[in-house]
Amino acid sequence: MIKEVKHKGCPMVIPEGSAFAYETPPEMLKSHQLMGVFGKRGSGKSLSCCNLIKQMGYTRSFIISPTASSNSELMKLLPIVDKSDIYTDENDVGCLKDIENKLDLMRDEMAEYKSNMKKYKDFINIVNNPSQSVPDDMLMLFYHNGTFNQPEWRYGLDSNGDPKPPHCCLLCDDLQMSAIMTSRKTAQFCLRHRHHGSSEDNTPSIGISIFFLQQTYRSSNGGTPKWMRSQFTSAIFFSTANELEKKQIALELSGEVKTQTFLEMLEWATKEPYGFLLWDGHKKSIHPSCFRKGFNTFLLPSDKDTEL
């Protein structure tokens with residue numbers, strides 16, 4: 001038995017806010033995510049991930065994939081703003097810096113919109129006051145195409161009329177054996193994924209969810225590195241005939257249930273075509289389990305199978 005002696009000093013101060021700042025539909029995962037999607041060729045990795053991105057309500061998608069053009073129908077599910085957000089060279093690690101710069105630009109654009117909206121409200125007050133004259137810089141700022149226009153924000157407004165921050169994600173597909181999967185810059189980009197587009201004030205960072213689609217969970221030849229696996233907030237697993245890989249997955253991700261129970265759930269969830277097991281490491285409190293068969297069926301292991 002362990003005894004405790006408590007001291008009144010050294011309190012733990014927990015800051016307000018959450019690591020998952022974006023609102024998502026009640027049945028969906030929290031955001032931002034760092035997710036791995038694992039399955040052999042043709043298992044349905046791209047199909048499941050594109051559907052998840054659509055349901056999560058992301059408003060801008062980036063893609064790094066040499067096969068993006070061959071999946072054009074699936075890519076239509078993604079909220080891609082511009083073709084420049086698609087990167088097809090899997091060995092161009094510099095694309096990560098380009099994405100980071102775009103996240104910073106969106107942060108600056110949102111700050112500019114807030115500033116212009118404040119000026120616009122001042123402009124309206126001046127216009128409605130006959131005793132005041134409108135400064136020339138205000139006239140130039142809001143006069144376009146023969147009329148005065150209120151600033152617009154392309155990602156929409158919330159119920160309070162404040163700008164919604166862009167909800168961004170990055171889909172990485174068919175990158176096994178590539179420079180991006182082995183680069184330290186990728187590790188740095190992923191480890192800071194929630195903090196990209198940060199502001200000096202109290203405005204939350206833009207951040208970005210990242211989805212890695214891989215054919216193998218572990219591999220000595222360009223598979224998913226250990227640092228990445230340890231950082232996953234969620235993962236999707238399709239059927240695999242590799243018994244060793246199954247056990248490796250169970251050992252690393254079955255912390256809430258016994259290994260055998262995890263393997264049984266994996267078998268149960270993947271027995272149908274395109275079936276998969278979803279593990280959510282940071283589930284919402286309203287969700288009855290961190291395991292799902294597909295997106296809409298929670299799997300509830302019995303109490304005797306749960307490890308304390």
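At what angle do helix 8 and helix 9 pack, and how far apart are their axes? Select residues 243–253 for helix 8 and residues 259–269 for helix 9 in this predicted model. The two pack at an angle of about 120°, and their axes are 9 Å apart. Angles of 65 to 115 degrees count as roughly perpendicular and those over 145 as roughly antiparallel; helix 8 and helix 9 are therefore oblique to each other. Their crossing is right-handed.

Next, show the side chains at the contact. From helix 8, select K246, K247, I249, A250 and L253. They meet T259, F262, L263, L266 and E267 of helix 9. Sorted by class, this contact holds six nonpolar, one polar and three charged residues.

Helix 9 gives the most to the lining, with three residues. Two of the lining residues are nonpolar, three are polar and two are charged.

Now move to the largest pocket, which has a volume of about 490 Å³. To centre the view there, select A21, Y22, E23, K164 and P165, the closest to the pocket centre among the 17 residues that line it. The lining of this pocket divides into seven nonpolar, five polar and five charged residues.

Key: Residues are numbered from 1 along each chain as its sequence is written. This is a predicted model: local features need pLDDT of at least 70, side-chain atom pairs count only at pLDDT 80 or more; totals for chains, interfaces and linings use all residues. Side-chain values use heavy atoms; hydrogens and water are left out. On a 1 Å grid over the protein atoms alone, a cavity is a set of points where a 1.4 Å probe fits but cannot get out, and a pocket is an open set with protein on both sides within 12 Å along at least five of seven lines; lining residues have an atom within 4 Å of a point. Grid points are joined across faces, edges and corners, and a volume is the space filled by probe spheres set on the points. Ala, Val, Leu, Ile, Met, Phe, Trp, Tyr, Cys and Pro count as nonpolar, Asp, Glu, Lys and Arg as charged, and the others, Gly among them, as polar. Axes are lines fitted to C-alpha atoms, for helices over the stretch in contact, and angles run from 0 to 180 degrees between N-to-C directions. Helices (H or I, at least four residues) and strands (E, at least two) are DSSP runs, numbered from the N terminus. Angles under 35 degrees count as roughly parallel, over 145 as roughly antiparallel, 65 to 115 as roughly perpendicular and the rest as oblique. A crossing is left-handed if the near helix is turned anticlockwise from the far one by less than a right angle, and right-handed if clockwise. Contact means heavy atoms within 4.5 Å.
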